[in-house]
Amino acid sequence: MPQLASGLSDAKWTALQIRDTMYLHNPTDGFRKYNSTTFVAISPAAESPAAPTLNAAVVTGSLTAATTYQWKLAFANPALGMQSEGSVVFSRTLGAGETGVRLNLPVITAPYTKIRVFRTASNGNAFFLEGDTSATTYDSKAGDLNLSIPFDDTIDVLATIPVG
């Protein structure tokens with residue numbers, strides 16, 4: 001079997017191919033990507049979006065005033081079934097009468113096409129999908145009962161192949 005690079009362990013690799021790029025991982029050598037010519041180490045953190053920041057715009061919604069909410073973002077490409085690791089958490093305690101929040105979002109980078117916005121219920125700790133967008137801002141205003149899919153950053157294993 002051809003060797004992709006020297007100096008790697010004999011551990012089994014988990015691999016995922018997206019278009020012309022193969023993404024590989026094993027517990028010893030970490031994450032790598034291979035595009036038919038180059039085999040390089042990558043950091044999974046590079047795939048995570050930056051945390052959202054607060055936008056000063058006033059938003060009216062169904063959030064509960066004077067309680068704390070937390071947000072987490074993930075890049076996504078629904079057509080390819082891809083979702084990145086989650087961002088660092090952004091937390092905010094709403095003021096009296098405040099029922100919505102506008103978030104500034106990071107720029108989306110290929111191969112992703114959307115940003116998924118996950119939020120906790122009022123004073124909660126578990127993250128659920130509130131919505132997704134391709135814009136650079138997002139109005140978080142859905143009531144707690146309208147949150148849907150729980151945040152899941154586990155990676156599905158498509159194949160395990162020996163390399164080397």
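Me: Is N123 buried or exposed?
Reply: N123 is exposed, with a relative accessible area of 53%. Exposed means over 50% relative accessible area, buried means under 20%, and partly exposed is in between, using a 1.4 Å probe and protein chains only.

Me: What kind of model is this?
Reply: This is a predicted model, in which local features need pLDDT of at least 70 and side-chain atom pairs count only at pLDDT 80 or more, while totals for chains, interfaces and linings use all residues. Residues are numbered from 1 along each chain as its sequence is written, and side-chain values use heavy atoms, with hydrogens and water left out.

Me: Back to N123. Where is it found?
Reply: N123 is in the loop between β10 (114–119) and β11 (128–133). Strands here are DSSP runs of E with at least two residues, helices are runs of H or I with at least four, and both are numbered from the N terminus.

Me: What about the phi of N123?
Reply: The phi of N123 is positive, about 60 degrees, although N123 is not a glycine.

Me: Which residues does N123 touch?
Reply: Leaving out residues up to four places away in sequence, N123 touches T67 and T68. A contact means heavy atoms within 4.5 Å.

Me: What does the accessible surface of the protein chain come to?
Reply: The accessible surface is about 9,100 Å², and 53% of it belongs to carbon and sulfur atoms. The areas come from the Shrake-Rupley method with a 1.4 Å probe, and for residues only the protein chains shown count as cover.

Me: Where is the place of K72?
Reply: K72 is in strand β6 (residues 68–77).

Me: Why does K72 count as buried?
Reply: K72 counts as buried because its relative accessibility is 15%. Beyond residues up to four places away in sequence, K72 touches G86, S87, V89, R116, V117, F118, F127 and F151. K72 also lies over the face of F127, at 4.8 Å from the ring centre. For that, NZ of Lys or CZ of Arg must be within 6 Å of the ring centre and within 35 degrees of the ring normal.

Me: How many aromatic pairs does a search of the whole structure find?
Reply: The search finds 4 aromatic pairs. One of them is Y69 and W71, whose ring centres are 6.2 Å apart with planes at 40 degrees, so the pair is tilted. Rings of Phe, Tyr and Trp (its six-membered ring) pair if their centres lie within 6.5 Å; planes under 30 degrees apart are stacked, over 60 edge-to-face, and the rest tilted.

Me: Are Y69 and W71 buried or exposed?
Reply: Y69 is buried at 0% relative accessible area, and W71 is buried at 0%. The rings of W71 and F90 also form a tilted pair, with centres 5.8 Å apart and planes at 40 degrees. W71 lies in strand β6 and F90 in strand β8 (residues 90–93), so this pair ties together parts 19 residues apart in sequence. F90 is buried, at 17%. Ring pairs link Y69, W71 and F90 into a cluster.

Me: Last one. What order does the open sheet of 3 strands have?
Reply: The order is β5-β9-β12, with antiparallel pairing. β5 (53–58) and β12 (137–140) are at the edges with a single partner strand each, so one side of each has no neighbour in the sheet. Two strands pair if DSSP finds at least two bridges between them.

Me: Over how many bridges do β9 and β12 pair?
Reply: Strand β9 (residues 101–104) pairs with β12 over 4 bridges, in the antiparallel sense. V101 stands opposite S140 in β12.
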